[in-house]
Amino acid sequence: MKLPARTALPLTALVLAATACAPGTSDNSGSAKDDKSGTLRVWLFQEVNNAPKKKVTDDAVAAFEKAHDGAKVKVEYIPVETRAEKIKAAFNDPKSAPDVIEYGNTDTAGYVKDGGLADVSEEFGAWDEAADTDPTAKESVTVDGKVYGAPYFVGVRALYYRTDVFKELGVEVPKTQGELAATARAIHKKRPELYGLAVGGAYTYGAMPFIWAGGGELAEEKGDSYASAIDSPAAQKGIKAYTSLFGDTNCPAAKCAAMGGNDTVTAFASGKAAMAIGGDFSHQAVEAGKVKGKYAVVPLPGAKAGEIAPAFAGGNNIGVLKSTSHRTLAVDLMKQLAGKDSQRALFDAMGFLPTYKDVREEAAKKEPFVEPFVKTLGAGAKFVPASPAWAQIDASLVLPTMFQEIVSGRKDVKAASGDAAKKMDEAFGAAG
């Protein structure tokens, strides 16, 4: 989701850790108070190298305090790994809760169901800067048509490839997913010490573009809930395309079935793979690896030439807690922290990809490495179902289990996707 080492966040987000534990349902009905002075508490995620983020935040807080006489802000940086428990406690004990939090965008629906986040639809709609928000980023703060925060940054994945290996072997950059698979196998055949394309059975967000590129979906809206679509013919075609990349001709299942996103990027950065699907947030790790100066990035190709595969739009949001006794100030602080100036500064300091279309275009002009990720977002990124059930589906490893059952040969695509669909539907049904 971004450049620093935290590459598997809610990005990645991004990802399992961000949604593994959703807070229990709270009886928090919101505060009747709206104090216009006093101290606001903010919880932001602790980064591996937190100094740049702290500097950007300190500047935003200083601007906020200058514009709001009598208001003070206290920021606490909380560990990503234990935030679920901490946020759960905050939802259930408003007296100890902060006013504003950073949260993974796949957590939105669960946090709304738990009664923790304030509906800021009216304020968001009246905010001039919000008009330039990327539609997919806005979707990540929206549940049932209501807005519960402001997008903070976004992260997507694209195709990293070894320019030296491609030149040495005389292979072209693939233009379709079919060519991608063929190129991966051709490279592995000529350079068996390399994975042609590093893939992972536990890399859910790396697999999704294959499902979406063929017209498949994870789930479809059904009334007020969702129904799994992972076992549809289109989704099965994408699953087959992804799982066909496991095996002795590219990435042996014995080694690759258990790999997650970080593992595939590490394999590429360490020189063990000719290609990998990595995020804009993977750039720093790759630059620090053995392949520095010997790689390039292009959008992940789609099913047909000229198409870009839809990518999962990971990232984080800034939200106001429903229990705050400083609602007006808290919403203003949310805007300050997630506004254009702060997102420009976050990109410059840490490489966090902005959620505003115009700011993101500025970033791409500053840093060429951003361009393929901006193109990917522009082609139409996608998001997970806006259901509180997604946290359970993610935490239960429904999709990784499906992929691993297929690549191990325990089940075929039809059986494994059918079982995954049943588990997803049970979760959707339980979530209501």
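Me: How do the axes of H2 and H15 cross?
Reply: The axes of helix H2 (residues 51–67) and helix H15 (residues 340–350) come within 9 Å and cross at roughly 160°. That makes H2 roughly antiparallel to H15. Helices are DSSP runs (H or I, at least four residues), strands too (E, at least two), numbered from the N terminus. Axes are lines fitted to C-alpha atoms, for helices over the stretch in contact, with angles from 0 to 180 degrees between N-to-C directions. Under 35 degrees counts as roughly parallel, over 145 as roughly antiparallel, 65 to 115 as roughly perpendicular and the rest as oblique.

Me: What kind of model is this, and how are residues numbered?
Reply: It's a predicted model, where local features need pLDDT of at least 70 and side-chain atom pairs count only at pLDDT 80 or more, while totals for chains, interfaces and linings use all residues. Residues are numbered from 1 along each chain as its sequence is written, and side-chain values use heavy atoms, with hydrogens and water left out.

Me: Left-handed or right-handed, that crossing of H2 and H15?
Reply: H2 and H15 cross right-handed.

Me: Which residues of H2 and H15 meet?
Reply: From H2 you've got Pro52, Lys53, Val56 and Ala60, and they meet Ser342, Ala345, Leu346, Ala349 and Met350 of H15. Contact means heavy atoms within 4.5 Å. By class, the contact of H2 with H15 has 7 nonpolar, 1 polar and 1 charged residues. Ala, Val, Leu, Ile, Met, Phe, Trp, Tyr, Cys and Pro count as nonpolar, Asp, Glu, Lys and Arg as charged, and the others, Gly among them, as polar.

Me: And what about H2 and H14, at what angle do they cross?
Reply: Roughly 135°, with the axes of H2 and helix H14 (residues 327–338) coming within 9 Å. H2 and H14 are therefore oblique to each other. Their crossing is right-handed.

Me: Which residues in H2 meet H14?
Reply: Thr57, Ala60, Ala63 and Phe64 do, against Leu329, Asp332, Leu333, Gln336 and Leu337 in H14. This contact of H2 with H14 has 6 nonpolar, 2 polar and 1 charged residues.

Me: Changing topic: how much space lies in the largest pocket?
Reply: About 550 Å³. Of the 27 residues lining the largest pocket, Glu221, Tyr226, Pro385, Ala386 and Ser387 are the closest to its centre. On a 1 Å grid over the protein atoms alone, a pocket is an open set of points with protein on both sides within 12 Å along at least five of seven lines; a cavity is a set where a 1.4 Å probe fits but cannot get out, and lining residues have an atom within 4 Å of a point. Points are joined across faces, edges and corners, and the volume is the space filled by probe spheres set on them.

Me: Which element gives the most to the lining of the largest pocket?
Reply: H4, with 3 residues. The lining divides into 14 nonpolar, 6 polar and 7 charged residues.

Me: How much space lies in the largest cavity?
Reply: About 60 Å³. Its lining includes Asn105, Glu139, Phe383, Pro385, Ala386 and Ser387. H4 and S4 each supply at least two residues of that lining. By class, the cavity lining has 5 nonpolar, 6 polar and 1 charged residues.

Conventions
A crossing is left-handed if the near helix is turned anticlockwise from the far one by less than a right angle, and right-handed if clockwise.
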